[in-house]
Amino acid sequence: MNRMNLARKLPSLLLSLATMSPIIATESNLKLTYPEPAQYWTQALPIGNGRLGAMVFGGVASERIQINEDSLWSGGPKDWNNPDALQALPEVREAIFAGNYERATRLTTRMQGPFTQSYLTLGNLQLAFDFPEKAEVQHYERRLDLANGISTTNYRIGDTRYTREAFSSFPDQVIALRLSSDQEGQITFSMSANSLLRHESRAESDHTLTLKGKAPSHVEPSYRRAENPIRYDDSETGEGMTFEMQVRVLNQGGQVTSNGSLLRVEAADAVTLLISAATSFNGAQKSPSREGLDPSKIAREFIAGAEKQNYEDLKSRHIADHQELFGRVQLDLGSNPEAEKLSTPERLANFTKGKDDPGLAALHFQYGRYLLIASSRPGSQPANLQGIWNDSIRPPWSSNWTLNINAPMNYWPAEVTNLAETHEPLFRLIETLAEHGRETARINYGAGGWVSHHNTDIWGQTAPVGAYGEGNPSWANWPMSSGWLPLHLWEHYQFGLDQEFLRERAWPVMREAAQFYLDFMIQDEDGYWVTAPSTSPEVGFRTPDGKSASVSKASTMDMSIIRELFTNTIQTSEILAFEEDFAEQLREVLKNLYPLQAGKRGNLQEWYKDYIELEETHRHVSHLFGVYPGNQITPETPEFFAAARRALEIRGDDGTGWALGWKIAFWARFLEGDRAYALLRNALRPVEPDNTHISVVGGGVYPNLFGAHPPFQIDGNFAFTAGIAEMLLQSHLGELHLLPALPDTWPSGSVHGLRARGNIEVDIEWEDHQLLRCNLTNRSDKMQQVTIRHKDLHKDAHIAPKTEISIELSSMQRQQTR
């Protein structure tokens, strides 16, 4: 389509077509920098390739590289379903419909199963350097370059400049650590490995160090008190995953010797360490001890492949792979050159004091994208509560996949920030849950389809947790993740328009999830379809007689998730021309699904009745699911849009790190950029590195910019990134809404490479709060008709397949949109 034809299709108030010059955001310095080594884990710098992760401390006399492998978990496959749940269900419902919510809450505990297993640390690589005892260290710098995915440590001792580089390579599946100096023969150190798990470490040769170990057969969650929380099975066929780490030393000059569990490098010019690791994990349904893979063979093969290349080739391959993903999006929100000269902790401290540093928000936006690339790649496990980085055996909340917000939140940036490939591991987990969840639906509920609850692990647990009656139903008994998770498959289709994916992978998951809720719901006395039992995750309420409870029927989140699932499943049926009878059944139920309600405070009700929450400013804002990530509550539903806004005001502007991130997205959807920015500022509050005790307020970021609940949860990083994207571009209402929630503090800037639904890449440039121009690239194989919205302007355009158009506002139009 030529420009003349395109121009004729645009409205009379012309959007002038600019030349096809790209909008390239001039990004600020995309580096995290520090003037001293890390003392705490939350000061160390993360690298990862989806499967192998490491935390680099950057010590001088000694260096610690803490290692993770994403499949290293406690336990093994087990039966988690509870036949007693089906027997308890009628009693629970009887109590609910009698209005005895306290009794219903108590009875619901009979429907629980076991707790999930825990994600584990693998171990540490320790380097001890031979420097004079009182050597003076000068010009120290430690940094993480987000653009190339490399952690670097530099310092000078005497006349020698020392440099270390570390990265985790996806193409070669190893961690590479390069030690060099600007003078010959200056690299001397001893190397050892250790682990918190049962292990054995030894030098296999003068150039190879191995660490072999076995994981516990069971680890209790960190919040449970138990006499023996970490249990190993020492029987001949005992359960427990085996693992191995191998480190190969490739030295230039000098010599390498071994002594028991140590390797010694002396007087080398430079050294490359190749670190590989693997486990016996062989799938969610196979015992890792009896049917597991050989971790030694896997680790050895990765090392063998990597050592065929020189260091510069390994580095080049890593950078090319990383930048192909990371470089798709650039963001410029303005800059403060003086602020960008400071270290990252100094920038955080000054930002909290109100000093201008728009580049810090852009840096943190890109950090979220960096962490997603580093913790979730095709073939890896999905990013868990801590991504892939964990230094303990009993990490907070088992570092599992918490499905009532945290795991879905991890993937909110995947599509819109142009990292769709990182979504794949979550899809595979969802498919595993769908397979396992059929039995849980049948045994626990007597229903068809599939169901999963609020926690899962690498073994794909689908039953509710709680140790068969010890868990609080407010979080344990939540059979709604099987309704939420299919939204990720639908959104992947919406952004990419891949009908084969929709047909082969999304439809089976969505269809069976919808079937479960058709079977699970019952009709209330008014003929409405409701869920029972039902909770609003982790939030309790006060009953009319003054008692505390958490279980009732038809919570707003339940109804919103089901409405979203049924609507998307109907649309999928229409697109694929599949099962019209089933789609019609969903339409009929939708007509009588319990509706949204506005409460006496002007707020969106959280429960079936207008009960008051036990904690008014609770971190979970689950009843606003229909605002974000759903799209049922919009300006097109003004009554509930206003009620949802009021509910968010009641919850307040504080919370945990991830809760603050969610609120950024909410306020963006409410089209209030300054309010979103206020939450953004809160989300960047510095948290002390040793503050790892659980807190439900005062969230922010640690010195290494990891999200602080506290303790560390990576979902806060990902929610921050998704929130900024939502402030700059929204496409959930069938139009490209440009700069929908731009705050006053970002008057001019640009973004390149965001992704809208319809497989359209969007570049935006603005000045003095006004849109200057946008470039739209249709990545699909079909002609696309799009509606472009900015403030009061609505313009239509057609974009041919694989074609880019550039649209520029005239100065007259910019005046009219003020």
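Of the 818 residues in the chain, 63% count as buried. The model is predicted. The accessible surface comes to about 28,400 Å². Carbon and sulfur atoms hold 46% of that surface.

**Overall fold**

The chain has 21 helices and 37 strands. Its radius of gyration is 27 Å, close to the 28 Å that the globule rule gives for 818 residues, so the chain is as compact as a globular protein of that length. The C-alpha trace spans about 80 × 75 × 50 Å along its principal axes. Take the contacts with a separation of 6 or more: 70% of them join residues 24 or more positions apart.

**Cavities**

The count is twelve cavities of 30 Å³ or more. What surrounds the largest one? It has 19 lining residues, and W412, E491, F495, Y628 and R757 are the closest to its centre. The most comes from α13, with four residues.

The second largest cavity has a lining of 15 residues. Nearest its centre lie P635, R669, Q730, H732 and L733. The table sets out volume and lining class for both cavities.

| Cavity | Volume | Lining by class |
|---|---|---|
| Largest | about 270 Å³ | nine nonpolar, four polar, six charged residues |

**Backbone exceptions**

Most residues other than glycine have a negative phi, and most peptide bonds are trans. Some sites in this chain depart from that pattern.

The bond from A532 to P533 is cis, with omega near 5 degrees. P533 sits in the loop between β24 (529-530) and β25 (541-542). The bond from H709 to P710 is also cis, with omega near -15 degrees. P710 falls in the loop between β29 (707-708) and α20 (715-728).

Phi of N418 is near 70 degrees. N418 lies in the loop between α9 and α10 (424-445). Is N418 buried or exposed? Its relative accessible area is 6%, under the 20% cut-off, so N418 is buried.

Y468 has a phi of about 55 degrees, and Y468 is not a glycine. Its place is the loop between β22 (455-456) and α11 (473-476). Relative accessibility of Y468 is 45%, so Y468 counts as partly exposed.

Conventions:
Residues numbered from 1 in each chain as written. Predicted model: local features only at pLDDT ≥ 70, side-chain atom pairs only at ≥ 80, totals over all residues. Heavy atoms only, no water. 1 Å grid on protein atoms, 1.4 Å probe; cavity = no way out; pocket = protein on both sides within 12 Å on 5 of 7 lines; lining within 4 Å. Points joined across faces, edges and corners; volume = space filled by probe spheres on them. Helix = DSSP H or I, 4+ residues; strand = E, 2+ residues; numbered from the N terminus. Nonpolar A, V, L, I, M, F, W, Y, C, P; charged D, E, K, R; others polar. Rg over C-alpha atoms; globule rule 2.2 N^0.38 Å. Buried < 20%, exposed > 50% of the residue type's maximum accessible area, 1.4 Å probe, protein only. Contact = heavy atoms within 4.5 Å. Areas by Shrake-Rupley, 256 points an atom, 1.4 Å probe, with all protein chains shown as cover.
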